[in-house]
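Hi everyone, thanks for making time this morning. I'd like to walk you through one model and some of its contacts, so please have a look at it first.

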Amino acid sequence: MAAATMKTVDMRAWNRAKLLWGYLRRKSAVSGLPVEYIVETTAKCNLYCPMCPRETHKQPKEDMTEEIFSRLVRESGKSAEHMMLIGLGEPFMDRKIFDRIEYCERHKISTLLSTNGTFFDEKTCARLLETPLEHITLSFDGATKESYEYYRKGANFDKVRDNFLRFARMKHERGAKVQVVVQMVRMERNAGEVDDFVRYWSAVPGIDQVRVKEDETNLLQPESGHAPQDWKHPCHYLWRGPVYVKHNGDVYPCCQSYMLDGRPLGNVADAPLPEIWNAAEMQRMRALHTAGRAGEIEMCSRCRTTIPHPALVAGSLLLHGRTVRKWLPRIERLIYTSKLPRSLLTPPAKNSPETELVQIESSRK
């Protein structure tokens, strides 16, 4: 068993080395597979959120089939390090979500979830804490009832807060290893609540980190995006991932591409992953990025995701994904507080100075 685990680790390290070589050499075709995947196991959601892309991209009330999910995991199992089982749906509306976490674990792939917390009753919390889930983000967009319920229409501030407090308490009492992050997306109506939000959740035992991040969708800021001069470095997503896999098996180049009206590279049910990852459109996009012409790609010009310096990208491929996830928030925070040069991250050009980077505070509980 130990030998098999070591072999898997070596294969993943070799996969990252191939991706790093392709990125540094600016290859349009790469021999490795993505390190990370965003996998939409369900397209169903019970809330209306004005900043969510599902408000402009109508979603069916469907889950990913077992056939598509198992094929994706099997084909990526020797290279994938993380699968974020999230998308435009609420993961706990997927009745198979616990089975999917366990299935990934059997293939030595760690899993991450993000939830709106409306289904977090005691039974669900207890079952989740029995799984090998590595990370969960508790989405709670506001420190007051008014702002929270404006952005999370259909959810009750007090009920969801109590659900998250219960989960944190149960996690703390059981000594569970899952990393728990409470996250608020900073937007116009909740921007003045950041300090209260951080202060409140940082005092809760069982919460490992409190995160306040910028809105990366274009729904509330349609004019935002990257200017042509921002593209001096190619976007790392096109070499290391995460790719975005819709519930129907369609594979998109990155986590933002579907929301920005990009076209799928292929479908897991119809083509093997290496063929999809090096599809003609993917190679065209890599070539434009390495030529400094990413702005010619319509969806890239509208993207609000921060572009990291090649030094950070190289580091993310030298280290295991688990280590990257541990250190990335700390690096972001150091850049935000000017302890590291801001040139390491290029934010969207039209952001105001105070919203250039993700803000992160760590709980000491």
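**Salt bridges, a helix pair and a core**

Let's start with Arg284, which is partly exposed, with a relative accessible area of 40%; by that word I mean the range between buried, under 20% relative accessible area, and exposed, over 50%, using a 1.4 Å probe and protein chains only. Before I go on, please keep in mind that this is a predicted model, where local features need pLDDT of at least 70, side-chain atom pairs count only at pLDDT 80 or more, and totals for chains, interfaces and linings use all residues. Residues are numbered from 1 along each chain as its sequence is written, and side-chain values use heavy atoms, with hydrogens and water left out.

Which side chain does Arg284 meet in a salt bridge? The partner is Glu281, at 2.9 Å from N to O. A salt bridge here is a side-chain nitrogen of Lys or Arg within 4 Å of a carboxyl oxygen of Asp or Glu. Glu281 is also partly exposed, at 33% relative accessible area. Helices are DSSP runs of H or I with at least four residues, strands are runs of E with at least two, and both are numbered from the N terminus.

How many salt bridges does the structure hold? There are 17.

In one of them, Arg240 pairs with Glu36 at 3.5 Å, N to O. Arg240 belongs to helix H8 (residues 237–240) and Glu36 to strand E1 (residues 36–39), 204 residues apart. Are these side chains buried or exposed? Arg240 is buried, with a relative accessible area of 5%, and Glu36 is buried as well, at 5%.

In the other, the closest N and O atoms of Glu40 and Lys246 are 2.8 Å apart. Glu40 lies in the loop between E1 and helix H2 (66–76), while Lys246 lies in the loop between strand E7 (243–245) and strand E8 (250–252), so this pair ties together parts 206 residues apart in sequence. Glu40 is buried at 0% relative accessibility, and Lys246 is buried at 4%.

Now for the helices. H3 (residues 97–106) and H4 (residues 122–129) pack at about 10 degrees, with axes 11 Å apart. That makes H3 roughly parallel to H4, a label for angles under 35 degrees. Axes are lines fitted to C-alpha atoms, for helices over the stretch in contact, and angles run from 0 to 180 degrees between N-to-C directions. On the H3 side, Phe98, Asp99 and Ile101 meet Thr124, Arg127 and Leu128 of H4, where contact means heavy atoms within 4.5 Å.

The buried residues of H3 include Ile97, Phe98 and Tyr103. As a group, the buried residues of H3 pack against H2, strand E2 (82–84), strand E3 (110–115) and H4. Just after H3, Lys108 takes a positive phi of about 60 degrees.

Finally, the core. The largest nonpolar core has 99 residues, and Tyr37, Leu128 and Ile136 have the most contacts inside it; such a core is a set of buried Ala, Val, Leu, Ile, Met, Phe, Trp, Tyr and Cys residues joined through side-chain atoms within 4.5 Å. Helix H6 (residues 157–174) gives the most to this core, with six residues. Leaving aside neighbours within four places in sequence, Ile136 touches several residues, among them Leu113, Phe120, Leu128 and Phe167.

Conventions: Angles under 35 degrees count as roughly parallel, over 145 as roughly antiparallel, 65 to 115 as roughly perpendicular and the rest as oblique.
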